[in-house]
There are 2 protein chains.
Amino acid sequence: MSEGLGGRLSGGDLLAGYLHSRAGDFLRGLRVYGESGADTASAEAAARTLRGAARRIGGGLHTFRPLLDPGWADPFRTELGWLSGTLAQEHACTARLHRLLGALARLSGGGTGGAELPGARTETPPGGPLLAGQPAAGAPLSGPPPAAPPPGALTVGASRAGALLERQLTLARTRAHSATLQALGSSRFHAVADTVAVLASEVLLSPLAEAPAAEILTASVEATEHRLLDAVAALPLARAAHPYNSDALVHGLATASDGEAQDAPWHHVRRLLRMHRYAREVWCEGLPPDPALRAAGQALDRHRDAAEAAAAAANAARTPRIAPATAYALGILHADQRHEVEAARYAFQQLWHQTAAHR
Amino acid sequence: MSEGLGGRLSGGDLLAGYLHSRAGDFLRGLRVYGESGADTASAEAAARTLRGAARRIGGGLHTFRPLLDPGWADPFRTELGWLSGTLAQEHACTARLHRLLGALARLSGGGTGGAELPGARTETPPGGPLLAGQPAAGAPLSGPPPAAPPPGALTVGASRAGALLERQLTLARTRAHSATLQALGSSRFHAVADTVAVLASEVLLSPLAEAPAAEILTASVEATEHRLLDAVAALPLARAAHPYNSDALVHGLATASDGEAQDAPWHHVRRLLRMHRYAREVWCEGLPPDPALRAAGQALDRHRDAAEAAAAAANAARTPRIAPATAYALGILHADQRHEVEAARYAFQQLWHQTAAHR
């Protein structure tokens, strides 16, 4: 862990340098956002910069809490969490809508031509390397490619389901956009921005921060890593290693809260993995992250996205007075996204197994 | 292939011995059926015996056609196909209903306690041996087991979907039962039974049947094996080897015929595999079948059963005036069964890969 670390630096010096840089990112994002005006692409990029910086500062405050003045760091971290959470909503709504409409097109066997794109869903098939020795028999689908589906009852259902989801998620996105605008104009935000502006040049450290970086930062990073390993050990990984175990859909027809309870430990690992990645950045600023850990994190991002998309489909199915064909299509869509949840768990298990082999 | 074969026997002798035995099975089944009266369990067992014997005789007539008088064998085989197809319907309706109601219980996270039975769906997890080296981390599901789901809108949908399927499939089973009774009382059936009675002591052979068994039967069995290998080579096995490829649901919202076209080559292999198994029985009567081939055949049986169950769910969703919650549950059920289809393809691919390694 300590390779490449300047032995003469104190933990506080190294951490302060990292936090100064992230605060600079934040202030740059804020300036670009202020100048973006009607340029939505620029505003979105600026919001992403703001969010990334807020998360990293919050992560640093959390991981290296013993090095910091807790009376300053703890409330600051809470405010950064509020800000990054608010900023994430609009983007999440857009991504969820794209995911669901893409899935509907794929499930209709037409549109984006799911059947024609063998790699469309599993760009990096997780089972690939394990099964490399199998005979490469007949990769193309047998039979001629299907023609565009004629307008039947279920296809009508799919397009109605798409229209319903578009309406609901566009509304949610508009609300999220308003919430972002409101947040960025609030005195609460200005207080956060002021604290970040101070952070760009000054960090309130604790006496522990005087200790050599190699010693004191290592302890904090290892604590983060242990929490991550413990959380991963609590996951049902042995189960996830069996493809098609159908765990993710086991509450497909029960109440929504059962499904959420099942997902929670995976979401927890996703957050800890991100925290771990940020903690490593303090050490290795500018170096690319561990590819296997990054891929494992992306698998859990997919897990979260699919779980939320499945919930959105289930939620849309509760809309009063929808047609049975619409509800049927939403049921298929929900199940499809829950299988994506299961697929993401399988992928995570495979990737984690690889990283574990290297440890 | 020729180990254990009496070199002195002619092909016709060996084949005739096998067909005599199967004809005996048929006649025994028929007698038990006639004596079963109101004992439905006994009648069902007898119908199974009849069906198995009819299939094996038909398989023998097909595989060893060059050894037989085609003017006698070909129409006889057609009639045996009609009979075994008719006899299969009632059992298939019962099994389909059990499969769908079991899936509904599992998807409701209660009833049969899907979450409590980690092996319930993958008794022989196909990915097992490949992944044996992974850490056995936290096999139990995290969090407390869910309580029985409170009656919510979707749970109402699941129970209504179950009632609808029960009504439709019970009706289909009743019809199949009547069709069986009608078939077994028909002059068409009596003609088949008469031919089988003759078969118990006499087989109409062609001049080729004089050739030594080791030579002439081997040629026929190998022809069957080649057809099987060709059909398997035409399957998208490389694709099936990637878990969660979502191929099976790619037409989930398109027309039913698209999904059926996708399944057809797998059903074809299922029939050829059964034919191959029957052909081997002529050689190795009384010996247990190759376990890997048998497991591969069972995977394709599951493939067929799940495909038909998925079609039954989609069909039920087309019932006029159903509630949206019912349609939603049927959509989830359809998608679940299509994922069972995909899981069966994955399992077949794994098993076939194992048998290929032994060849």
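## Close-up views of a predicted model

**Helix crossing in chain B.** The crossing of H1(B) and H5(B) is left-handed. The model is predicted: local features need pLDDT of at least 70, side-chain atom pairs count only at pLDDT 80 or more, and totals for chains, interfaces and linings use all residues. Residues are numbered from 1 along each chain as its sequence is written, chains are lettered from A and ligands numbered from 1 in the order in which they are written, and side-chain values use heavy atoms, with hydrogens and water left out.

Two packed helices are described by the angle between their axes and the distance between the axes. Here helix H1 (residues 11-36) of chain B and helix H5 (residues 187-199) of chain B have axes that come within 8 Å and cross at roughly 135°. Axes are lines fitted to C-alpha atoms, for helices over the stretch in contact; angles run from 0 to 180 degrees between N-to-C directions. Helices (H or I, at least four residues) and strands (E, at least two) are DSSP runs, numbered from the N terminus. H1(B) and H5(B) are therefore oblique to each other. Angles under 35 degrees count as roughly parallel, over 145 as roughly antiparallel, 65 to 115 as roughly perpendicular and the rest as oblique.

**Residues at the H1(B) and H5(B) contact.** H1(B) contributes B:Leu19, B:His20, B:Ala23, B:Phe26, B:Leu27 and B:Leu30. H5(B) contributes B:Phe189, B:Ala193, B:Val196, B:Ala197 and B:Leu199. Contact means heavy atoms within 4.5 Å. By class, the contact has 10 nonpolar residues, one polar and no charged. Ala, Val, Leu, Ile, Met, Phe, Trp, Tyr, Cys and Pro count as nonpolar, Asp, Glu, Lys and Arg as charged, and the others, Gly among them, as polar.

**Salt bridge between A:Glu79 and A:Arg188.** Over all chains the count is 26 salt bridges, each a side-chain nitrogen of Lys or Arg within 4 Å of a carboxyl oxygen of Asp or Glu. In this one, the N to O distance is 2.7 Å. A:Glu79 lies in helix H3 (residues 70-107) of chain A and A:Arg188 in helix H5 (residues 187-199) of chain A, so the pair ties together parts 109 residues apart in sequence. A:Glu79 is partly exposed at 23% relative accessible area. A:Arg188 is partly exposed too, at 36%. Buried means under 20% relative accessible area, exposed over 50%, and partly exposed in between (1.4 Å probe, protein chains only).

**Salt bridge between A:Asp263 and A:Arg338.** The closest N and O atoms of this pair are 2.9 Å apart. A:Asp263 sits in helix H8 (residues 256-283) of chain A, A:Arg338 in helix H10 (residues 324-358) of chain A, and 75 residues separate them. A:Asp263 is buried at 3% relative accessible area. A:Arg338 is buried at 6%.

**Salt bridge between B:Asp247 and B:Arg239.** The closest N and O atoms are 3.1 Å apart. B:Asp247 is buried, with a relative accessible area of 12%. B:Arg239 is buried, with a relative accessible area of 12%.

**Salt-bridge network in chain A.** A:Arg22, A:Asp25 and A:Arg28 are linked in a network of salt bridges. A:Gly24 lies in helix H1 (residues 11-36) of chain A. A:Gly24 is partly exposed, at 22% relative accessible area.

A:Ser246 is not a glycine, yet its phi is positive, about 60°. A:Ser246 belongs to the loop between helix H7 (237-240) and H8 of chain A and is buried at 3% relative accessibility. B:Ser246 has a positive phi near 60°. B:Ser246 lies in the loop between helix H7 (237-240) and helix H8 (256-283) of chain B and is buried at 3%.

**A:Pro212 and the overall content of chain A.** A:Pro212 is in the loop between H5 and helix H6 (213-233) of chain A. A:Pro212 counts as partly exposed, at 38% relative accessibility. A:Pro212 and A:Val250 are 38 residues apart in sequence and 51 Å apart in space, C-alpha to C-alpha. Chain A has 10 helices and zero strands. Of its 359 residues, 50% are buried. Among contacts in chain A between residues at least 6 apart in sequence, 85% join residues at least 24 apart.

Key:
A crossing is left-handed if the near helix is turned anticlockwise from the far one by less than a right angle, and right-handed if clockwise.
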